[in-house]
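Me: I would like to learn how to read the features of a structure like this one. Please take them one at a time.

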Amino acid sequence: MGDVCRKWGRAAGFHVHPHQLRHSHATQAIRRGVDVFTLKVTLGHSSSATTGHYVAANPRDSSSLRLG
């Protein structure tokens, strides 16, 4: 998988690595409202704490915004 990512990245003029794709997927999923437990299963993690390391916090977001 790493070789394929690097090949596609070079063709597009970028440095791409599989870990970067996982991190981007996790961050975008959380920003679009996917809960961390669903994402944990999707990424194959045994702990939601591990999933939390993939997710970049959005300083403009707050849990209180989702309580309605």
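Me: Which residues of α3 are exposed?

Reply: Exposed means over 50% relative accessible area, buried under 20%, and partly exposed in between, with a 1.4 Å probe and protein chains only. On one side of α3, Phe37, Val41 and Thr42 are exposed. This is a predicted model, in which local features need pLDDT of at least 70, side-chain atom pairs count only at pLDDT 80 or more, and totals for chains, interfaces and linings use all residues. Residues are numbered from 1 along each chain as its sequence is written, and side-chain values use heavy atoms, with hydrogens and water left out.

Me: Which residues of α3 are buried?

Reply: Leu39, Lys40 and Leu43 are buried in α3, which spans residues 36-43. They lie on the same side of α3 because they cover an arc of only 105° around the axis. The arc is taken from the directions from the helix axis to the C-beta atoms. An α-helix has 3.6 residues a turn, so residues three or four places apart point the same way.

Me: What is found at the ends of α3?

Reply: At the N-terminal end, Asp35 is the cap: a side-chain oxygen lies 3.1 Å from the backbone nitrogen of Phe37. After α3 comes Gly44, with a positive phi near 80°.

Me: Which side chain of opposite charge is nearest to Lys40?

Reply: For charge, Lys and Arg count as positive and Asp and Glu as negative, while His and the chain ends are not counted. The nearest one to Lys40 is Asp35, 9.4 Å away, and the buried Lys40 has no salt bridge. A salt bridge needs a side-chain nitrogen of Lys or Arg within 4 Å of a carboxyl oxygen of Asp or Glu. Contact means heavy atoms within 4.5 Å. Leaving aside neighbours within four places in sequence, Lys40 is in contact with His45, Ser46, Ser47, Ser48 and Thr51.

Me: How many salt bridges does the count come to?

Reply: The count is one. Asp3 and Arg6 form a salt bridge through their side chains, at 3.1 Å from N to O. These two are three residues apart in helix α1 (residues 2-12), about one helical turn. Asp3 is exposed, at 59% relative accessibility, whereas Arg6 is partly exposed, at 30%.

Me: How many helices and strands does the chain have?

Reply: Helices (H or I, at least four residues) and strands (E, at least two) are DSSP runs, numbered from the N terminus. The chain has four helices and zero strands. Of its 68 residues, 18% are buried.

How values were computed:
A polar contact is a pair of N or O atoms within 3.5 Å; within protein, one must be able to donate a hydrogen and the other to accept it, and residues adjacent in sequence count only if both atoms are side-chain atoms.
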